[in-house]
Amino acid sequence: MASLSGGSIDRTGKHKICSLVALEVELPSGLGYVLARLLLLDLLDLLLGIFTEQAREALQSGEVPVGCLLVHGQEVVGKGRNEVNETKNATRHAEMVALDQLLDWCRRGNLDVRGVCERTVLYVTVEPCVMCAAALRLMNVPLVVYGCSNERFGGCGSVLDLSSAELPDTGTTFRVSVTLHL
C-alpha cells in the first residue's frame with residue numbers, strides 16, 4: 001500500500017482512509033488538540049483532493065463541476081461526478097452516480113443497503129440539489145458535508161431544507177456540515 005497523507009491507495013486504486021469519527025467528536029485541548037486538528041486537516045485535504053478531481057473531470061467533460069464521495073467506515077464505496085450532459089439524463093448528478101455505486105457495492109457484498117447507508121457519509125463539493133437531498137434522505141444517509149451552498153437548487157437549507165423537514169414516510173433526517181471550504 002502506498003501512503004497518501006492520512007490514507008492510502010491499494011493496488012486496485014481504491015481509496016482507503018482513516019476513520020471519520022474525528023469529524024464528530026470534540027477535539028482535546030493542548031498538544032492533543034493540535035495533533036487532532038492536523039489529522040483532521042490531513043483527512044479533509046485527502047477528501048478534497050479526491051472529490052475535487054471528480055469535479056475537474058466533470059468540468060472537462062462539459063458538465064457542471066460537482067464531485068462527491070460516499071464513505072462507509074474506512075472505504076470509499078461510491079464516487080461520482082455530474083454526467084447529465086454526457087448521458088442526456090437529467091438525474092445523473094454526482095450524488096446519484098455515487099449512490100448507484102454504493103448500491104452495486106452492497107449487491108456484490110450481499111450487504112443490507114439500509115444498514116450500510118445509515119453508517120455512510122457523503123462529501124460533496126456543492127450542496128446537494130432538492131432531488132439529491134431527497135434521495136439521500138430516503139437512503140438514510142446520516143451526514144452530508146459540502147463545500148459551498150447551492151443558492152439556486154439547494155436541498156439542504158439554501159432553497160429547501162429536506163435534511164431536517166418534518167416529512168412523513170420519507171426516510172430519516174440527516175445532519176449537514178459546511179466545513180470543507182477551508
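Helices (H or I, at least four residues) and strands (E, at least two) are DSSP runs, numbered from the N terminus. This is a predicted model, where local features need pLDDT of at least 70, side-chain atom pairs count only at pLDDT 80 or more, and totals for chains, interfaces and linings use all residues. Residues are numbered from 1 along each chain as its sequence is written, and side-chain values use heavy atoms, with hydrogens and water left out.

Q: What pattern does the protein chain follow along the sequence?
A: The protein chain has 5 helices and 8 strands. Read along the sequence, the pattern is β-β-β-α-β-β-α-α-α-β-α-β-β.

Q: What percentage of the 182 residues in the protein chain is buried?
A: Buried means under 20% relative accessible area, exposed over 50%, and partly exposed in between (1.4 Å probe, protein chains only). In the protein chain, the buried share of the 182 residues is 42%.

Q: Against which elements do the buried residues of helix 5 pack?
A: Helix 5 (residues 130-138) has C132, A133, A135, L136 and R137 as its buried residues. Contact means heavy atoms within 4.5 Å. The buried residues of helix 5 pack against helix 3 (94-108), strand 6 (120-126) and strand 7 (143-148).

Q: Which residues lie nearest the centre of the largest pocket?
A: On a 1 Å grid over the protein atoms alone, a cavity is a set of points where a 1.4 Å probe fits but cannot get out, and a pocket is an open set with protein on both sides within 12 Å along at least five of seven lines; lining residues have an atom within 4 Å of a point. The largest pocket is lined by 15 residues. Those nearest its centre are V64, V66, N82, H93 and N150.

Q: Which backbone oxygen does the side chain of H93 reach?
A: H93 sits in the loop between helix 2 (84-87) and helix 3. Leaving out residues up to four places away in sequence, H93 touches R81, N82, V84, C129, M131 and C132. A polar contact is a pair of N or O atoms within 3.5 Å; within protein, one must be able to donate a hydrogen and the other to accept it, and residues adjacent in sequence count only if both atoms are side-chain atoms. At 3.3 Å, the side chain of H93 reaches the backbone oxygen of A90.

Q: Is N140 buried or exposed?
A: N140 lies in the loop between helix 5 and strand 7. With a relative accessible area of 5%, N140 is buried.

Q: What phi does N110 have?
A: Most residues other than glycine have a negative phi. N110 is in the loop between helix 3 and helix 4, and is exposed, with a relative accessible area of 73%. Although N110 is not a glycine, its phi is positive, about 50°.
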